[in-house]
Amino acid sequence: MPLCQNLCPLEMTFKCPRCGLALLKPGRWFQVASKYRCEGCHGEIRITYPDKIALFQKYAASQREGPSPPNIAQS
Ligand SMILES: [Zn+2]
């Protein structure tokens, strides 16, 4: 499934499975990331594909519940 679509510019939080510290990054970052260095436990945290799917689906669902999409006129 395509991960990004309209979720790319959206800020998403991913919680470190080791220390629970939330990482805030835009969707496009999560799309390409496979791991990151957690600032809480200084561990190398892997972001698996199922992790990404779950994350994007969560935000996709919240997008659908929201009001009509914003009109972005300027490029
Ligand atoms: Zn951590």
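The following paragraphs go through the predicted model from its overall make-up to single residues.

Residues are numbered from 1 along each chain as its sequence is written. Because the model is predicted, local features need pLDDT of at least 70 and side-chain atom pairs count only at pLDDT 80 or more, while totals for chains, interfaces and linings use all residues.

The protein has 2 helices and 4 strands. Both kinds of element are DSSP runs numbered from the N terminus: helices are H or I with at least four residues, and strands are E with at least two. Along the sequence the order of elements is β-β-α-β-β-α. Of the 75 residues, 8% count as buried. A residue is buried if 20 or more other C-beta atoms lie within 10 Å of its own, exposed if 12 or fewer, and partly exposed in between, with C-beta atoms placed from the backbone. Among contacts between residues at least 6 apart in sequence, 34% join residues at least 24 apart. Two residues are in contact if their C-beta atoms, placed from the backbone, lie within 7 Å.

Before E1 comes a segment that contains Pro-9. Pro-9 is in contact with Pro-26 and Gly-27, leaving aside neighbours within four places in sequence. Pro-9 and Pro-26 are 17 residues apart along the chain, and their C-alpha atoms are separated by 5.6 Å. Pro-9 counts as exposed because it has 10 other C-beta atoms within 10 Å.

Strand E1 covers residues 11-15 and strand E2 covers residues 22-26; the two run antiparallel and are joined by 5 bridges. Two strands pair if DSSP finds at least two bridges between them. Within this pairing, Thr-13 stands opposite Leu-24 in E2, and Phe-14 stands opposite Leu-23 in E2. In a regular strand the side chains alternate between the two faces of the sheet.

E1 and E2 form a hairpin with 6 residues between them. Gly-20 lies in the loop between these strands, and its phi is positive, at about 85°. Gly-20 is exposed, because 10 other C-beta atoms lie within 10 Å. From Gly-20 to Cys-38 the C-alpha to C-alpha distance is 9.7 Å, with 18 residues of sequence separation.

His-42 has a positive phi of about 60° although it is not a glycine. Most residues other than glycine have a negative phi. With 9 other C-beta atoms within 10 Å, His-42 is therefore exposed.

Strand E4 includes Glu-44. Not counting residues up to four places away in sequence, Glu-44 touches Lys-35 and Arg-37. Glu-44 and Cys-16 are 28 residues apart along the chain, with their C-alpha atoms separated by 9.8 Å. Glu-44 is classed as exposed because there are 10 other C-beta atoms within 10 Å.

Helix H2 spans residues 49-65, and Tyr-49 belongs to it. The C-alpha atoms of Tyr-49 and Ala-33 are 9.7 Å apart, across 16 residues of chain. Tyr-49 has 9 other C-beta atoms within 10 Å and so is exposed.
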